[in-house]
Number of protein chains: 2
Amino acid sequence: MVISIIHSARFAAKPLLGRSIMSASASLQPKFDKLFGKVDELKSQFIDILGSAVEIPAVSGDESLRPMVVKKAHFLVEQLQRLGFSDIQLKHLGTQPPPVEDPNLQLPPVVLSRYGSDPKKKTLLVYGHYDVQPAKLSDGWETEPFKLHVDEKKQLMRARGATDDTGPLLAWLNVVQAHREAEVELPVNLITCFEGMEESGSLGLEELIAEEAGKYFKDVDAVCISDNYWLGTKKPVLTYGLRGVNYYKTTVEGPAADLHSGIFGGTVAEPLIDLVQVLSSLVDSKGNILIDGVAEMVAPLTEKEEKLYDNIDFSLDDLNEATGSKTSLYQKPKDILMHRWRYPSLSLHGVEGAFSGAGAKTVIPAKVNGKFSIRTVPDMDSKKLDKLVIDHCDKVFKKLGSPNKCTTELIHDGAYWITDPHSPSFTAAAKATKLVYGVDPDFTREGGSIPITVSFQQCLNTSVILLPVGRGDDGAHSTNEKLDISNYMNGMKTMAAYLHYYAESG
Amino acid sequence: MVISIIHSARFAAKPLLGRSIMSASASLQPKFDKLFGKVDELKSQFIDILGSAVEIPAVSGDESLRPMVVKKAHFLVEQLQRLGFSDIQLKHLGTQPPPVEDPNLQLPPVVLSRYGSDPKKKTLLVYGHYDVQPAKLSDGWETEPFKLHVDEKKQLMRARGATDDTGPLLAWLNVVQAHREAEVELPVNLITCFEGMEESGSLGLEELIAEEAGKYFKDVDAVCISDNYWLGTKKPVLTYGLRGVNYYKTTVEGPAADLHSGIFGGTVAEPLIDLVQVLSSLVDSKGNILIDGVAEMVAPLTEKEEKLYDNIDFSLDDLNEATGSKTSLYQKPKDILMHRWRYPSLSLHGVEGAFSGAGAKTVIPAKVNGKFSIRTVPDMDSKKLDKLVIDHCDKVFKKLGSPNKCTTELIHDGAYWITDPHSPSFTAAAKATKLVYGVDPDFTREGGSIPITVSFQQCLNTSVILLPVGRGDDGAHSTNEKLDISNYMNGMKTMAAYLHYYAESG
């Protein structure tokens with residue numbers, strides 16, 4: 001990790017302010033000078049505010065800490081008030097559905113607010129989440145996870161939430177503060193949508209977005225989400241796509257209860273034997289999905305899209321380092337990224353109901369559920385995919401001639417998301433990135449899904465951009481989560497410049 | 001259950017004493033009259049002694065109850081003393097190996113004793129175990145599991161240990177008591193070997209048998225084990241074979257840690273995908289083992305052996321009732337029994353290391369262990385089987401061309417056991433059964449293994465017979481374990497007659 005941080009200096013440590021003045025458009029130059037200067041001036045205050053925020057252990061997945069999640073919402077309200085935001089609302093989402101210990105457990109509120117409402121300006125909604133993943137010192141943290149540790153030597157800030165997502169969320173507030181103190185007018189109307197349940201499935205948020213689409217959010221022109229990361233550690237990225245996921249369960253059942261393999265082995269049709277036959281028919285060891293009709297649904301690769309993969313800061317070594325192995329299915333970075341981002345994949349996750357412990361248990365499981373999922377990409381039709389998958393499993397099982405019963409069902413799906421990386425919002429963010437970092441950003445997609453992205457795009461019928469602040473090695477969800485100070489500072493500058501470029505765009 | 005008990009009256013409720021006099025050989029007739037009369041006379045005492053024994057919760061799998069297991073050993077010593085057994089020894093087996101909570105936990109003693117040591121008589125070793133499976137009223141017992149409940153209406157005795165194996169063990173002591181009180185000389189020298197760890201792997205017993213082979217057990221001519229059950233509920237059986245089991249683990253490993261399928265799906269070789277391919281190559285849904293060379297090791301079916309399968313009291317309905325389903329691979333009773341007893345089978349038990357919970361987890365497991373076992377039969381060579389299995393898995397995996405690593409290993413094996421069902425010991429037991437029940441016993445094997453059977457046969461170089469007392473529906477290891485009073489009583493009579501017929505045999 002130390003090595004990558006040193007390498008990252010290649011892009012991250014150039015004299016930013018100086019260059020920004022050279023490359024900014026004439027009319028914006030003086031504003032950027034003031035804004036970036038102010039950001040630098042307020043550095044210690046911005047670090048302090050992050051320190052205050054991460055001290056609240058707002059773990060949404062821990063019921064006993066729910067009051068802390070709510071406390072953090074109120075902390076944000078205070079900050080918004082301090083900065084002159086208006087129409088601040090805590091949107092209550094009701095009772096958390098089961099499974100919960102406390103049947104009256106309330107979901108944490110969504111914090112909505114506005115900064116400006118000038119009808120001549122564009123309106124940008126910024127999304128962030130103030131809840132965090134669990135963390136305990138005993139998990140292997142070098143310092144207390146809910147206490148910001150500033151490592152002066154490595155120039156990073158370590159704490160749960162530093163990069164996911166308290167740091168980026170506060171960066172937006174800091175950008176407003178910098179505008180106020182630099183006496184530069186905010187070029188857009190800003191709306192905040194900060195949720196406290198992201199780490200636990202964003203319960204209730206999609207409904208809220210739908211409900212507020214014609215109300216609080218009615219004038220939104222674009223949505224900016226800062227809740228993902230650079231691909232690597234060196235080069236800033238803008239993210240224009242996410243894969244979706246359709247998660248399936250294939251159940252094979254036969255005997256009424258688990259049987260002893262001594263007594264029944266060889267005389268009864270074993271559900272797990274049938275299941276393994278079905279699972280083995282789905283995908284081969286090279287990663288090829290063996291279900292007829294799936295490959296045909298994938299959007300063909302255009303020349304324009306392929307160009308986006310050129311020169312991306314990513315190597316086979318990066319993948320190998322991330323997996324701690326040499327198990328890549330592809331050798332060329334472009335192939336790896338395309339199979340992560342723009343092609344579907346089928347993963348087998350496990351089997352429920354079979355023997356899963358250590359040791360040797362001589363059981364014939366009576367009912368087993370095979371779990372697998374398909375990562376979806378444009379232009380796959382989710383419903384059609386379900387039918388292909390279910391028909392495939394039914395067909396393979398039928399061929400086995402087993403007296404057992406086999407059913408396959410979708411148990412969860414999330415849509416893929418793709419947007420135009422040449423839209424005004426992306427062009428503005430690319431210009432801002434070039435201004436601050438001195439390099440063109442990589443245009444990336446992600447293999448995983450962020451369902452809320454799709455909700456915003458669909459419900460508000462607007463463009464969404466993912467503008468990450470942190471690096472690929474920040475350890476979100478892991479121990480010793482951190483945010484490099486340079487990423488925090490340059491993130492704010494990029495956000496500020498983005499607002500102005502976006503305001504100026506056609 | 002009621003129905004089967006009523007049906008069982010077909011064999012079990014005939015006027016036994018009357019018939020026994022008619023069919024016993026001339027010289028034995030008066031002895032059987034006396035003995036069977038005495039057994040009937042002592043019925044309530046024999047039920048009482050079982051009641052006293054089952055009240056001691058001798059659960060060998062529960063460390064906290066170890067003193068109770070030891071207490072039951074001492075209870076048996078008292079009974080042996082009362083009945084005039086000699087050379088009573090409590091053989092201590094030392095400390096129980098890990099995993100244990102108490103590192104000094106002592107194994108329960110094996111109770112050895114003799115009744116008679118006349119060099120002109122044959123010496124029979126009877127094996128039983130005094131420990132029991134766990135049981136709690138809340139598991140679904142109709143009455144307290146550690147309190148004998150005599151159901152007068154159903155004519156059965158319900159308690160943990162009633163049939164497994166306290167009832168059969170005490171039956172041997174009762175047989176001695178009946179001889180003493182009927183003033184009939186015991187026709188053989190009897191040695192008892194009662195262990196207290198059978199339900200927990202018979203730890204230490206094999207070593208004890210080997211150690212005592214030339215000492216305490218040096219004159220043993222035959223071994224009789226009453227620790228299994230009739231095949232069904234109606235017809236007595238004698239058991240002459242058990243399958244063995246070789247248990248394997250196939251490990252596929254790749255990434256250093258579990259991966260997120262969103263980020264890595266489609267770019268890395270997934271261990272579980274490879275494992276499923278290997279597992280699917282082992283056996284088909286019809287129960288055919290697909291590993292080259294295995295079928296060839298199975299002893300051919302002889303006409304004499306096949307005859308033993310004729311008229312066995314077993315039907316497809318029995319299997320369906322036992323599995324609670326219609327998942328049998330065969331329709332003819334003979335085929336079912338042969339595939340349970342004399343053909344190998346391969347069962348898949350589960351996967352360790354993969355997602356095994358409910359719900360939808362999008363994990364790519366980094367290291368997975370597939371668990372499967374092969375039930376072995378004559379004349380399979382265990383070592384050769386290991387090689388065939390491991391070579392097969394290696395070959396299949398190699399064909400996948402995966403960058404992951406795959407290894408297969410044997411993690412446990414137990415030998416099959418087969419003996420001559422036409423030996424003097426079996427012929428004597430068959431005559432005794434016919435005498436008491438009025439029918440020829442079914443000659444059965446069992447699909448599961450009882451490793452100690454092999455140990456006795458090999459270490460003492462002698463014949464072993466399994467002479468069950470209880471019925472197939474007794475619920476050993478389950479709730480509401482019971483022993484029918486008729487089985488208890490007729491079991492003792494069969495044992496007594498067996499001793500005399502065996503003593504008379506060539």
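User: Hi! Where does A:His129 sit in chain A?
Analyst: In this predicted model, A:His129 is part of strand β3, which runs over residues 123–129 of chain A.

User: Is that residue buried or exposed?
Analyst: A:His129 is buried, because its relative accessible area is 0%, and the cut-off for buried is under 20%.

User: Which side chain does the A:His129 side chain make a polar contact with?
Analyst: That of A:Asp131, at 3.0 Å. Leaving aside neighbours within four places in sequence, A:His129 is also in contact with several residues, including A:Asp164, A:Glu199 and A:Asp227.

User: Nice. Which residues does the UniProt "binding site" annotation cover?
Analyst: According to the unreviewed UniProt entry, A:His129, A:Asp164 and A:Asp227. They are spread over 99 residues of sequence but cluster in space, with a largest C-alpha distance of 8.1 Å.

User: And where is A:Asp164 found?
Analyst: A:Asp164 is in the loop between β5 (156–158) and α6 (166–182) of chain A. A:Asp164 counts as buried too, at 4% relative accessibility. Beyond its neighbours within four places in sequence, its contacts include A:His129, A:Asp227, A:Tyr229 and A:His477.

User: Switching to the interface: how much area is buried between chain B and chain A?
Analyst: About 5400 Å², with carbon and sulfur atoms giving 56% of that. Each chain's share of the contact is listed as 73 residues from chain B and 73 residues from chain A.

User: How many salt bridges and polar pairs are there across it?
Analyst: Zero salt bridges are found, while 43 residue pairs are in polar contact, both at pLDDT 80 or more. On the side of chain B that touches chain A, β11(B) gives the most, with eight residues. By class, that side has 32 nonpolar, 30 polar and 11 charged residues.

Note on methods:
Residues numbered from 1 in each chain as written. Chains lettered and ligands numbered in written order. Predicted model: local features only at pLDDT ≥ 70, side-chain atom pairs only at ≥ 80, totals over all residues. Heavy atoms only, no water. UniProt positions renumbered as here; feature names shortened; annotations may be inferred. Helix = DSSP H or I, 4+ residues; strand = E, 2+ residues; numbered from the N terminus. Buried < 20%, exposed > 50% of the residue type's maximum accessible area, 1.4 Å probe, protein only. Contact = heavy atoms within 4.5 Å. Polar contact = N/O pair within 3.5 Å; in protein donor to acceptor, adjacent residues only side chain to side chain. Buried area = accessible area lost by both parts, 1.4 Å probe. Salt bridge = Lys/Arg side-chain N within 4 Å of Asp/Glu carboxyl O. Nonpolar A, V, L, I, M, F, W, Y, C, P; charged D, E, K, R; others polar.
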